[in-house]
Amino acid sequence: MRKLYQYPLSGLSRAVRIILAEKHLDYEMVYETPWDPSDELIDYCISGDVPVLVDTSGTVVYGSSAIREYLDEIYPEVRLVNGDYHQKAEERKIADWFNYTFYRDAYYPIIREKILKRFVKDMDRRPDPACIRAASAKLNNHMEYISWLIDRRNWLAGKDFSIADITAASLVSVLDYLGFVRWEKFDLAKEWYVRIKSRPSFRTILQDNLPQVPPAKDYANLDF
């Protein structure tokens, strides 16, 4: 059985979970906390970062981008990077936008203030309201970008569901779990996310419920 070392509120881990489900690949989830990685995880990835995939062959791959490329090459029956060179470049470009720009602007600052400061011993436990306000404003800008794309396309990168949608939704879903997404302001982004939430590959994501950090009220609702 392949194993995925992951933390449920890691957007990068969630992306790999969605990819595995879209490809109908069975796996065992191994719960990790990024601030206190297990010795087993460090044996596979010295930084202790998640996600880490151990495939049935024993191949170890870490980093969400590397894992997505590995899975698309080894299990090509369901491809999540589609089309000609131009289309593949567009899908990867948008995926990278969310993996890097969205992550830097909105995702990580909110995760740091709302999650890491609660659990990492060496961090100041007091949330920084100014940081949260700034990240929330940037989150709104990115949600407007999603709406702009969906106004022009069926999915974020074109007519087909792709790694662009998976990457964006995996990160947005964590901020939605924490109650930070103002869906009433972004009708087109909400329509896109409703379609994402309705996919079978998203079911286990919606079942995530950490006792220490419970989800927002409408997190698991398909009609929200």
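1. Arginine 104 counts as exposed, at 55% relative accessibility. For this and the points that follow, buried means under 20% relative accessible area, exposed means over 50%, and partly exposed lies in between, with a 1.4 Å probe and protein chains only. The side chain of arginine 104 meets that of aspartate 105 in a salt bridge, at 3.0 Å from N to O. Aspartate 105, by contrast, is buried, with a relative accessible area of 15%.

2. On the basis of the work: this is a predicted model, in which local features need pLDDT of at least 70 and side-chain atom pairs count only at pLDDT 80 or more, while totals for chains, interfaces and linings use all residues. Residues are numbered from 1 along each chain as its sequence is written, and side-chain values use heavy atoms, with hydrogens and water left out.

3. The structure holds 19 salt bridges, a salt bridge being a side-chain nitrogen of Lys or Arg within 4 Å of a carboxyl oxygen of Asp or Glu. One of them joins lysine 159 to aspartate 160, with the closest N and O atoms 3.1 Å apart. Lysine 159 is exposed, with a relative accessible area of 64%, whereas aspartate 160 is partly exposed at 35%.

4. Lysine 217 and aspartate 218 also meet through their side chains in a salt bridge, at 3.3 Å from N to O. Here lysine 217 is exposed, with a relative accessible area of 73%, and aspartate 218 is partly exposed, at 33%.

5. Glutamine 6 belongs to strand E1, residues 3–6. Helices (H or I, at least four residues) and strands (E, at least two) are DSSP runs, numbered from the N terminus. Glutamine 6 is buried, with a relative accessible area of 3%. Apart from its neighbours within four places in sequence, its contacts (heavy atoms within 4.5 Å) are Ser13, Arg17, Met29, Val30, Tyr31, Glu32 and Val50.

6. Tyrosine 44 lies in helix H2, residues 39–44, and is partly exposed, with a relative accessible area of 31%. Together with Val60 and Tyr62, Tyr44 forms a nonpolar patch on the surface, with about 260 Å² of accessible area in total. Patches are made of residues with over 30% relative accessible area and no salt bridge, like charges being joined within 9 Å and nonpolar side chains (Val, Leu, Ile, Met, Phe, Trp, Tyr) within 5 Å. Accessible areas come from the Shrake-Rupley method with a 1.4 Å probe, and for residues only the protein chains shown count as cover.
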